[in-house]
Amino acid sequence: MSSRQTSPQVASMQHQCRRLLDEKLYDSAEKLGSFLLSASKNGNEPDFGAGSHAESLSIYADALYGKEEYRRALHYYKQATQRRKGGPSTLGMWCVPWIC
């Protein structure tokens, strides 16, 4: 995770989503994860930026992976990796051959 601070609301949602994943409640984790992505991406404070959003993307991808939605999960894992590296937010520049 980034050195940036995560908002209390986003941190709480991330924690709840991880708990759902631990309980293998992947459908519920995906639903909460979609709200989590919106909350972490649109944080109003500048300190709640790429680090918390990258973590949210990874959590959401874990939920998709648990639901065996591997292509969608890979898309979100790629976004999380790019955010952590500080790279471009769009990932259309490369693709895994066996998926595309």
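Me: What is the phi of lysine 24, the residue that follows H1?

Reply: Most residues other than glycine have a negative phi. Here, in a predicted model whose local features need pLDDT of at least 70, whose side-chain atom pairs count only at pLDDT 80 or more, and whose totals for chains, interfaces and linings use all residues, lysine 24 has a positive phi, near 65 degrees. Residues are numbered from 1 along each chain as its sequence is written, and side-chain values use heavy atoms, with hydrogens and water left out.

Me: Where does lysine 24 lie, and is lysine 24 buried or exposed?

Reply: Lysine 24 lies in the loop between helix H1 (8–22) and helix H2 (26–41). Helices (H or I, at least four residues) and strands (E, at least two) are DSSP runs, numbered from the N terminus. Lysine 24 counts as exposed because its relative accessibility is 58%; buried means under 20% relative accessible area, exposed over 50%, and partly exposed in between (1.4 Å probe, protein chains only).

Me: Which residues of H1 are buried?

Reply: An α-helix has 3.6 residues a turn, so residues three or four places apart point the same way. In H1 the buried residues are Val10, Met13, Gln14, Cys17 and Leu21. Seen down the axis of H1, these fall within an arc of 100 degrees, so they line one face of the helix; the arc is that of the directions from the helix axis to the C-beta atoms. Pro8 and Asp22, on the other side of H1, are exposed.

Me: How should I read a salt bridge, and with which residue does glutamate 30 form one, the closest N and O atoms being 2.3 Å apart?

Reply: Side chains of opposite charge can pair when their charged atoms come close. A salt bridge is a side-chain nitrogen of Lys or Arg within 4 Å of a carboxyl oxygen of Asp or Glu, and by this rule the count comes to 7. Glutamate 30 forms the salt bridge in question with lysine 67. This pair links distant parts of the chain, with glutamate 30 in helix H2 and lysine 67 in the loop between H3 and H4, 37 residues apart.

Me: Which residues are linked in a network of salt bridges?

Reply: The network links Asp27, Glu30, Lys67, Glu69 and Arg72. Arginine 72 meets glutamate 30 in a salt bridge (3.3 Å, N to O). Arginine 72 lies in helix H4 and glutamate 30 in helix H2, so this pair ties together parts that are 42 residues apart in sequence.
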